[in-house]
Amino acid sequence: MPDGGILVKINGKKVARCYAIAFDYDEWQYTVNNKKPKALPKNTESISVEVEP
């Protein structure tokens, strides 16, 4: 997305810029752009999703 997208931060740290994000709290993982799921950090306190212009 050259004109924007989604910025994802976990505990204030930037983890991805993407066009799609999905969270599975039962499995404690997240998926960026429909690729392979990644584990959420065990110490996750906050997740922010920001739309970039």
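Predicted model: local features only at pLDDT ≥ 70, side-chain atom pairs only at ≥ 80, totals over all residues.
Three strands make up an open sheet in the order 3-4-5, with antiparallel pairing. Strand 3 and strand 5 are the edge strands, each of them pairing on one side only. In general, strands of a sheet pair through backbone hydrogen bonds, in either a parallel or an antiparallel manner. Strand 3 and strand 4 run antiparallel and are joined by four bridges. Isoleucine 21 has valine 32 of strand 4 as its bridge partner, and phenylalanine 23 has tyrosine 30, also in strand 4. The hairpin of strand 3 and strand 4 has four residues between the strands. Tryptophan 28 lies in this loop, between strand 3 (21-24) and strand 4, and takes a positive phi near 55 degrees.

The aromatic residues were examined next. A pair of aromatic rings is described by the distance of the centres and the angle of the planes. The structure contains two aromatic pairs. In one of them, the ring centres of phenylalanine 23 and tyrosine 25 are 6.0 Å apart and the planes lie at 5 degrees, so the pair is classed as stacked. Ring pairs link Phe23, Tyr25 and Trp28 into a cluster. Phenylalanine 23 has a relative accessible area of 26% and is therefore partly exposed. Tyrosine 25, at 48% relative accessibility, also counts as partly exposed, because the exposed class begins over 50%. Tryptophan 28 is partly exposed as well, with a relative accessible area of 35%.

Threonine 31 is located in strand 4. At 18% relative accessibility, threonine 31 counts as buried, because the buried class covers values under 20%. With residues up to four places away in sequence not counted, threonine 31 touches Ala20, Ile21, Ala22 and Pro37.

Proline 37, one of these contacts of threonine 31, is found in the loop between strand 4 (29-32) and strand 5 (38-39). The relative accessible area of proline 37 is 38%, so this residue is partly exposed. Apart from residues up to four places away in sequence, proline 37 touches Gln29, Tyr30 and Thr31. Tyr30 is the bridge partner of phenylalanine 23. The C-alpha atoms of proline 37 and phenylalanine 23 are 9.0 Å apart in space, while the two residues are 14 residues apart in sequence.

Isoleucine 6 is placed in strand 1 (residues 5-10). Its relative accessibility is 18%, so isoleucine 6 counts as buried. Neighbours within four places in sequence aside, isoleucine 6 is in contact with Ala16, Arg17, Cys18, Tyr19, Ala20, Val49 and Glu50. Isoleucine 6 and glutamate 50 are 44 residues apart in sequence, with a C-alpha to C-alpha distance of 5.6 Å.

Conventions:
Residues numbered from 1 in each chain as written. Heavy atoms only, no water. Helix = DSSP H or I, 4+ residues; strand = E, 2+ residues; numbered from the N terminus. Buried < 20%, exposed > 50% of the residue type's maximum accessible area, 1.4 Å probe, protein only. Contact = heavy atoms within 4.5 Å. Phe/Tyr/Trp six-rings, centres within 6.5 Å; stacked < 30°, edge-to-face > 60°. Pairing = 2+ DSSP bridges.
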